[in-house]
Structure formats: C-alpha cells, structure tokens
Amino acid sequence: MKRALERAIRIARIEAVRHARQQREQPWRVFFELFLVVFVTVVVVGRIPGVGLYPEPGAYHYGQVAASGSPGAALDTARGFVGIVFVIVTLVTMLWTMKAQDWREQADGLLTTVPIPTLVAGDLLSKILKVGRFLSVASLAGAIAFASGSESVLGGVLFVLAAFALAATATAVGYTAGLAGLALASYSPFVREHRVLVGSPLVALYFGLFVGSRRASALLGGLPIGWYADIPMAAATGTGVTTAIAALLGTTLGGVSLWWTSARLAERAWLGDGVAPASVESSARSPTTDQSPTLLDRIPTTWLSRPTRAVIYAVWRRIVRAPQALLYVFLPFVLLLVIGIELAATAPESIPVLVAIYGAGAVGAGATLNPIGNEGRSLPVTMTTPGGPRHLVRGYVLSAALVGVLPVVALVALATLGVTASPVATVAMGLFAAILTVAFVAVSVGIGAWLPEFDGLRPADSAGLTTPHVYAVFAYSLALALASVPVLGAILLQSASANIAPLAVVSGGVVTLGLSTLAGGLSYRYAVRTFESHQYGE
Amino acid sequence: MSPPAIEATDLTKRYGDTTAVDGLSLSIPQGDVYGFLGPNGAGKTTTMRMFTTLTKPTAGEARVAGQPITERDSVTPHIGYLPEEPPLYGELTGCEQLEYVAGLRDMPDDVATERIDRLLERFDLATDAGKRIDAYSKGMRQKVGVIQAVLHEPDVVFLDEPTSGLDPRAARTMRETIADLASREMTVFLSTHILPVVDDLADTVGVLYDGRLVAEGTPNGLKARAQAERADGEDDESLEDVFLDITRDGEAPDEHESSRTPT
C-alpha cells in the first residue's frame, strides 16, 4: 500500500513538473491563468466595506453574518455558491479527462509499469493538485476574508480545509465521470470519435450556470454538495456542525469509493478492446476521376485561387469528420438564448443586433480559432508550399465565412422584421451582420494563430483537427465584447432615455463595424505573418 | 556546368548555448543522391529544416536549387520534403490528402490526377486510398508522405528516414523510387539510419557528428579509406563500420577532418 502511494505521488509529481515546464514555454498561458485566478479570488472574497472592487457579497460578508450568530439566508446563498463551484470543477475535470490529450503519449509506458489502481491514483492526484493550485490563491484570500469578517481564526483555517475538500471531491467526481464517458465511448465508434462534441451540452451547462447563476445556485445549494459551506460557518457559529461533518466524511468515503470505481472504469477505457474506428470512407479509393464541379469550382481562379480552394475543401472535409472543432460554436447560442429571453422583455429592439453579434461570433468560433494547431504535423507542407501561409489563412477565413454569412444574415433579417417590419432597417441590419461576420472570422484567425492548441504536446504529434484553446475562446469573446460596446451601449442608453436619438444607435453600429473591421484586418495580417515566420520545431 | 543543387557555407544553427549545426559546408551536384548520416542528435533534422526553410540559420548561408534558403517563397517551388513524421491530416483519405497538396501546389487537375493514380499504384496504395489516414499503418502513412513530397516533381527532395516503418517490400519500392527520382535528375537529400540503403543508393555520403560534417565522400571511397587506416588489415569494411569508427563516443570530431575524401 505504502509503495503504491509512493508511486502515485511520483506520477503526480512528474505531471506537475511537466505542467510547470509547459507553462514556462508558453508565458501567455500563465498570463491568462493569472487573470482567471485574480477574477476567482475577487469573486470569492466579495464585497469589503470601503473597497469598491466587487459589489456582490463573498467570504468577508459571510464571515460577518456568521459572527452575528444567525447565518440564516446567507448560509443558503453560500451553499448555492459552493454548489456552483462544485459543478464547474466537476464538469471541467470531466471534459479534461475525456479529452486527455497529453495522456496518450505516456499511457502505454505507464500501463506496462504500474498497476491500474496506482496509475489512477497518480493521475487523479495530479488533477487534484492542478485544480488545487488554481484555487489556492482564492481559498487563502477567502479564508483571510472570512476570518476577518467572523473574527474567528478557526473559521479561516476551516475555510481552507473546506475549499480543499470541495476541490478534491469535485475533481474526483469529474474524473470518474470522465472515465465513465470514455469507457462508454469504447462501445461506440461514433461516441469515441466525437466524444468532445457529445460532451458539449455539458460545456453549455457550464456556461449556462454563469448566466443563470442565481437560479442555479438556489437549486444546487439545496443539494448535499452545498454542505461544504457549512464547515467554516460551523466553526464560527456553532450551527450546522452535523452537515459540516457529513461533508468531510463524504469527502473521505467518497474519495476512496470514487478511486475504486475509477480504477475499474479505467481498465475498460484504456485497455478494453473497444470497437474498430469508423475510418473507412469507401471500399475503393476515393476516385480522383470524380471531378464534378461544385459551386465553388465555378468561381474563376482569378478570384479564388486553386490553392485557396484546396484549403477550403480540406477544412470543410476535416470539420465534417472531426466536428469537435466546432465545440465553441454552440456556446454563443446558449448565451443568446438565456440573454435573449430576458432582453426580449426589456429591450426588444436590441435583439437583431444581439443576433448579429452572437451569430458572427459563432461563425468565428470554429476551426478558424485554431489554424496553427489544426495544421500541426502538416505545417511543413504548408510552409514548403509557394505562398502556402497566405493561401492557408485565406482558405481558413473563407471556409467559415462562406458557410456562416448567409445563415447569420437570414437570422438577423428575420429578427429585424420581427421587431420593426422596416425593409430599410432589414437590409441595413443584414449588411451589418454580413460585414461583422467576416470581420469576426478574421479576428478569430488572428487570435487562433496567437494562442494555438495542439492535439498532441508538439506540432509534430498533432495530426487532427482539435477544439480551440479555451484561452483563445476567452480572448476572442473579450475582443467581440469590446467591439460590441459602442452599438450595445447606444441601444441600452436609448432604452433608458427617450432623449437619445436613433442616430446615436446607428453611429454606435458604425463604430462597432469600424472597430471590428480594423481588428479583423490587423488580425488577418498577424495570422499570415505568424505562419510565414513560424519556425517549425522550435 | 550547372550550379549545385544544394550549397552551404559555414551554415550554423544555435539554440541558446547549444550549437545544433556548426559551420556546415557542402556542395551537392544536381541529380545526386546524398546520404546524410549521423547519430541521434547530431543535427541532421535541424540541417534539413534549414535547407527546407522551416527554420532560419543563425549564421552562414546556403542555397537550394540556386535560391537562398532565407527566401522561402523562392525555395519552396523547387523542393519536396518528407519529415520524420509524415505531415498528413488524419481526417482526410489518402487520396484527398494528395489532391489537397496538388491543389496547394497549384497543379493542373489532369496532371495531378495522372500522377496521383500512378504513384498510388506504384506504392500499392490504390485500394486503400479511399480510407482515412488515421486508420493507416505507419508504413502506409510513410508512403503517402513520400508521394506527397515528390508529387510536383521537385528539383530537390529531402527525405528524413523514408524507409522508417516500411515492410521489406515497401522498403524496396522506396529504394527503387529514390533511384528513379535520381535517374530523372532530381537531387535526393536522404537522411537515414539504414546504412545499406545509403550504400546502395548514395552517390555521396556525408557524416554529421556533433553538428559538424566530419566525413564526406563516396561510399566506396569512405570504405577504402577506413580499410587503409585499419591496422588489422580487415578487408571487408562496411559502411556501418565506417560510420561507427567516425562517430565513436568520446572522440573529438576534429580528428575526422582528414576523413573527407573527394567524390
């Protein structure tokens, strides 16, 4: 047992070393991680009197409430918050386990070196450490805030314990669920091949939780996963001791049973015979003689060169066979749905603009958001082809724009007609949507070139189309949000005050278009330059 | 007299304090098969990446097909490259992959179709060309990678371990293909650890050790020289013996400068 534990710790330690070295090689990851750590810390600490950093109540406020001796409704809110954190950690770990990109490289080596339960323990431990590392700053800051608010040092100490127990249990649940997903996928070639896409509703849920967090928190706070909030509260108030102990016991017993379950599932997921991949396209070779021209082929080569066309076809074919690259395309629609329902009641005139922004954003959230990562092993081909980088970037942008512009324009036109029934406004909004879509796609190809995500650890290991890096999605969303501020700001101002002329909204739209087009142009040039100056293998 | 297909003068590549390639100078005539040997980590792949414009040299200069390697757009129309890992998209079929590269190279459809058909037949891939590449064996991927590298009939083709993962029949096809490419006046820069392949095919052999070209000559020239230097009078020196002699651990590369023999 002792030896197995030592081995598990060794596996986790090596994973931590690898992770640290990867971070060192990609400083931008550290930048984004720090940004998220700061954000989470601010949310956890919450409102502090005299410091106008964040308006919502957090650890300091709950500490004060605990000190009053009757937590009441505040405890319910804290439980809800803890429930949301639990679900987010679980879902992220689950997707992370199912994606398992850096796992394949060493899996065979480790599987033939240590028993599966030890390997699972090491793998799980490394994931707990990663989650713990991410949440550690927020936990410590939250503990200090809670201890200050409640004037209870023990409360602060138990806050850290609660945070660790929460992170460990949620990670273990997510890890087990991820392995269950992989084991299940081994029975179905479709699910195995498109497992990330199949898991996308969970990602949508994850984002949906942020959007509708108040409703979600009430629901999740009522479940036992919310009891982790009782641990520091129990120390400060003396109430809720039973549920606090139950939460800690749940972590211990749950941890052991989840590890045992994971080991069984891992055997199926990693060593099961599974099923043959659905790889055969046809029994004979795909005939090069079948050259029936498509609509795209009818465009003169002076407008659309043969190399660019080749890239467009290749991207389309690859996306059809590896739709996981479109994972983040669906997220804007989830956001659109929730926000759209609320806005329809308060500011219906903003709906066409929102449809245009989210539609355009969705079109750029596919393969264009990871052009270098999607090329991966094939980069030497692109780079040793005359004009390859230019054709490639152009091909990527057109592959998305050609498919995306029309549906977005149609949706925006429908939404506009629903709101105003004015043909002029409909045409104007259609034009707005078309330009915005192309501009956003160009923005996405630049951000994707800046923040690539590879299927393997190195470009040479990466042969397949993959989902964009989450930080690329984050940066892209931020860029879209900033570009949309003028038009959305003008609409909100108009809804709030009758004195704002409609011309202000039009001006806001023009500024948004100007910003997007400028950003798109710069991003496009940046992407081409990045490909042209890429030093393969360095 | 036509200019050399590949010409390098004091070509150097440093990564921080590490020198991967150190003052490489060589000249390879058009139509030659150049066997590029060296132990793991000697700098062979880095050299190939510099010649194929994938990475920039730190110092020195080189020309490939008469074009300076610092000008990617001038060099790339003339070269084909098969890296150690064949650069293929897993989601495409073998045939689609080749059509894609033909399109990227702006090859006319009829020419591309004829060449793809011919090369697929030659490499016994015609029946599997409609299957997705991620279902291919390593050898099949290697074959598609080679076809892709020579599809546009480049002046110079760089092959990094082209016989790696191939079964004996496919390896023979590969050797025949390389010989065929050379007979068409295509220059082949061949890096491999399979020394009999180099012995069979190469007009000239260069041995890279610790980033430096420590021996160069015809296979027979190198063997004869090594044989003459052997005190034991062994008369069946193989290229493998020569290679092991030259790249013996702990021996300073400078000692091998004299191994350079004229072609």
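Start by selecting chain A: buried residues make up 51% of its 538 residues. Buried here means under 20% relative accessible area, exposed means over 50%, and partly exposed is in between, with a 1.4 Å probe and protein chains only. Before going further, note that this is a predicted model, where local features need pLDDT of at least 70, side-chain atom pairs count only at pLDDT 80 or more, and totals for chains, interfaces and linings use all residues. To find your way, residues are numbered from 1 along each chain as its sequence is written, chains are lettered from A and ligands numbered from 1 in the order in which they are written, and side-chain values use heavy atoms, with hydrogens and water left out.

**Chain A as a whole**

Switch to a cartoon view. Chain A has 22 helices and zero strands; helices (H or I, at least four residues) and strands (E, at least two) are DSSP runs, numbered from the N terminus. Of the contacts in chain A between residues at least 6 apart in sequence, 79% join residues at least 24 apart, a contact being heavy atoms within 4.5 Å. Now show the surface: chain A exposes about 24600 Å², and carbon and sulfur atoms supply 71% of that. Accessible areas come from the Shrake-Rupley method with a 1.4 Å probe, and for residues only the protein chains shown count as cover.

**Stop 1**

Select helix H1 (residues 2–25) and helix H2 (residues 27–45) of chain A. They pack at an angle of about 105 degrees, with their axes 5 Å apart. H1(A) is therefore roughly perpendicular to H2(A). Axes are lines fitted to C-alpha atoms, for helices over the stretch in contact, and angles run from 0 to 180 degrees between N-to-C directions; 65 to 115 degrees counts as roughly perpendicular, under 35 as roughly parallel, over 145 as roughly antiparallel and the rest as oblique. To see the contact, show A:Gln23, A:Arg24 and A:Glu25 of H1(A) with A:Pro27, A:Arg29, A:Val30 and A:Glu33 of H2(A).

Stay in helix H1 of chain A and pick A:Leu5. A:Leu5 is exposed, with a relative accessible area of 52%.

**Stop 2: a nonpolar patch**

Select A:Val241, A:Ile245, A:Leu249 and A:Leu253, which form a nonpolar patch on the surface with about 370 Å² of accessible area together. Patches are made of residues with over 30% relative accessible area and no salt bridge, like charges being joined within 9 Å and nonpolar side chains (Val, Leu, Ile, Met, Phe, Trp, Tyr) within 5 Å. A:Leu253 lies in helix H13 (residues 241–271) of chain A and counts as exposed at 60% relative accessibility.

**Stop 3**

Go to A:Val315 in helix H14 (residues 306–321) of chain A. A:Val315 is buried, with a relative accessible area of 3%. Not counting residues up to four places away in sequence, A:Val315 touches A:Ala367, A:Tyr396 and A:Ser399.

Next, show A:Arg321 and B:Glu96, which form a salt bridge with the closest N and O atoms 2.6 Å apart. A salt bridge is a side-chain nitrogen of Lys or Arg within 4 Å of a carboxyl oxygen of Asp or Glu. This pair crosses between chains, from helix H3 (residues 94–104) of chain B to helix H14 of chain A. B:Glu96 is buried at 6% relative accessibility, and A:Arg321 is buried at 15%. Over all chains, the count comes to 21 salt bridges.

**Stop 4: a network in chain B**

Select B:Glu114, B:Arg115, B:Arg118, B:Arg122, B:Glu153, B:Asp180 and B:Arg184, linked in a network of salt bridges. One of the pairs is B:Arg115 with B:Glu153, at 3.6 Å between the closest N and O atoms. B:Arg115 is in helix H4 (residues 109–122) and B:Glu153 in the loop between helix H5 (138–150) and strand S7 (156–160), so the pair ties together parts of chain B that are 38 residues apart in sequence. B:Arg115 is buried at 16%, whereas B:Glu153 is partly exposed at 35%.

**Stop 5: a last residue**

Finish at B:Ser191 in strand S8 (residues 187–191) of chain B. B:Ser191 is buried, with a relative accessible area of 0%. Leaving aside neighbours within four places in sequence, its contacts include B:Phe36, B:Lys44, B:Met48 and B:Leu159.
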